[in-house]
Every structure is written in C-alpha cells, then in structure tokens.
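Here are my notes for your next look at this fold. Have the viewer open while you read, and go through the points in order.

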Amino acid sequence: MLYFDKNIAVRYGVRSAVIMQYVWENILNNEEDVMEMNGDIWYRSSAVITSSILPFYSKDQIQRSFNYLVKCGVLKKKKLSKSKFDHTNWYAFTEYGNEIMLKSEEEENARNEEKEI
C-alpha cells in the first residue's frame, strides 16, 4: 500500500505528496540510485522509470511534480552524470524538505504507537 502524508497532500497536492514519499523511501532504503555528495543525499530518478513504478501517473505528470517541488523549495535537482549523453536528474531534499519529511515521519510513528496501546 502506498502511503503519503495528508498534510503534505493538502499543501502540495496528492501527486507531489506521493512523489515526495517515493523519493524519501528510496533515500532511506539506500537504493542503488542513491549517493551522498557534499552533505546531501541524492536520488537518481527519471520520469520514465518513476512512471513505471507509479503507473497511475504519466511521465509528464511526474516531471511536473518534480519541477513543482523544486520550485517550492522542497527538492533540489542536478545533473550529476559525467556522460554528456545521460540527462537523468538527481534529486535531494532541501533543508526545508527534510524538515517536512522528518515531521511527517514523527507524526506517523506517533499514530502507530497510539494504535498499539
């Protein structure tokens, strides 16, 4: 089941909340397309691959969501490939984006603890 924070969805939209959670989980799980550079943890993501993992969103919807999150200051993006033919973007959470996701994680953990009691 796919999880996203309803407060993030209210602020940025459901699609952006799903994308944020997707990137966050990949970074936390240290997937193969993750690297640390200058204190930031970057995740390599193409809209084509992401749309195959989240097939309910088109490539264009995913690209728009990534661009929107960059514009809002939640994510930052770079092209980190040394190959001039590889135009895949890498994304990292900004300090602000990290705060949002950590707060969301804390709230989810608190809800889960209440359910266990």
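1. Start with strand E3 (residues 75–78), which pairs with E4 in the antiparallel sense over four bridges. For the terms, strands (E, at least two residues) and helices (H or I, at least four residues) are DSSP runs numbered from the N terminus, and two strands pair if DSSP finds at least two bridges between them. Along this pairing, Lys78 stands opposite Trp90 in E4, and Lys77 stands opposite Tyr91 in E4.

2. A word on what you're looking at. This is a predicted model, so local features need pLDDT of at least 70 and side-chain atom pairs count only at pLDDT 80 or more, while totals for chains, interfaces and linings use all residues. Residues are numbered from 1 along each chain as its sequence is written, and side-chain values use heavy atoms, with hydrogens and water left out.

3. Now the other flank of E4. Strand E2 (residues 40–45) pairs with E4 in the antiparallel sense over three bridges. Here Arg44 has Trp90 as its bridge partner in E4, and Tyr43 stands opposite Tyr91 in E4.

4. Glu36 has Ile41 as its bridge partner in E2. E1 and E2 form a hairpin with two residues between them, and Asn38 in the turn has a positive phi of about 55°.

5. Put together, that's an open sheet of four strands in the order E1-E2-E4-E3, with antiparallel pairing. E1 and E3 stand at the edges with a single partner strand each, so one side of each has no neighbour in the sheet. The twist averages 35° from one strand to the next. As background, strands of a sheet pair through backbone hydrogen bonds, either parallel or antiparallel.

6. How many residues of strand E4 are buried? Five of the five (residues 89–93), so E4 is largely enclosed by the rest of the structure. Buried here means under 20% relative accessible area, exposed means over 50%, and partly exposed is in between (1.4 Å probe, protein chains only). Asn89, Tyr91 and Phe93 point one way from E4, Trp90 and Ala92 point the other way, and all are buried.

7. Next, the helices against the sheet. Helix H2 (residues 14–28) lies across E1, E2 and E4, running at about 115° to E2. H4 lies across E2, E3 and E4, running at about 115° to E3. Axes are lines fitted to C-alpha atoms, for helices over the stretch in contact, and angles run from 0 to 180 degrees between N-to-C directions.

8. Take a look at Ser65, which is found in helix H4 (residues 59–71). Ser65 counts as buried, at 1% relative accessibility. Not counting residues up to four places away in sequence, Ser65 touches Arg15, Ser16 and Ile19, where contact means heavy atoms within 4.5 Å.

9. Which residues of the largest nonpolar core touch the most other members? Of its 25 residues, those are Met20, Val23, Val74 and Phe93. Helix H1 (6–12), H2, H4, E4 and helix H5 (95–116) each supply at least two residues of this core, and H2 gives the most, with eight residues. Such a core is a set of buried Ala, Val, Leu, Ile, Met, Phe, Trp, Tyr and Cys residues joined through side-chain atoms within 4.5 Å. Leaving aside neighbours within four places in sequence, Met20 is in contact with Ile8, Tyr12, Leu69, Val74, Phe93, Ile100 and Met101.

10. On charges, the count comes to one salt bridge, taking a side-chain nitrogen of Lys or Arg within 4 Å of a carboxyl oxygen of Asp or Glu. The side chains are those of Asp40 and Lys76 (2.8 Å, N to O). This pair links distant parts of the chain, Asp40 in strand E2 and Lys76 in strand E3, 36 residues apart. Lys76 counts as partly exposed, at 28% relative accessibility.

11. Last one: is Lys84 buried or exposed? Lys84 is found in the loop between E3 and E4 and counts as exposed, at 68% relative accessibility. Lys84 and Arg44 are 40 residues apart in sequence and 16 Å apart in space, C-alpha to C-alpha.
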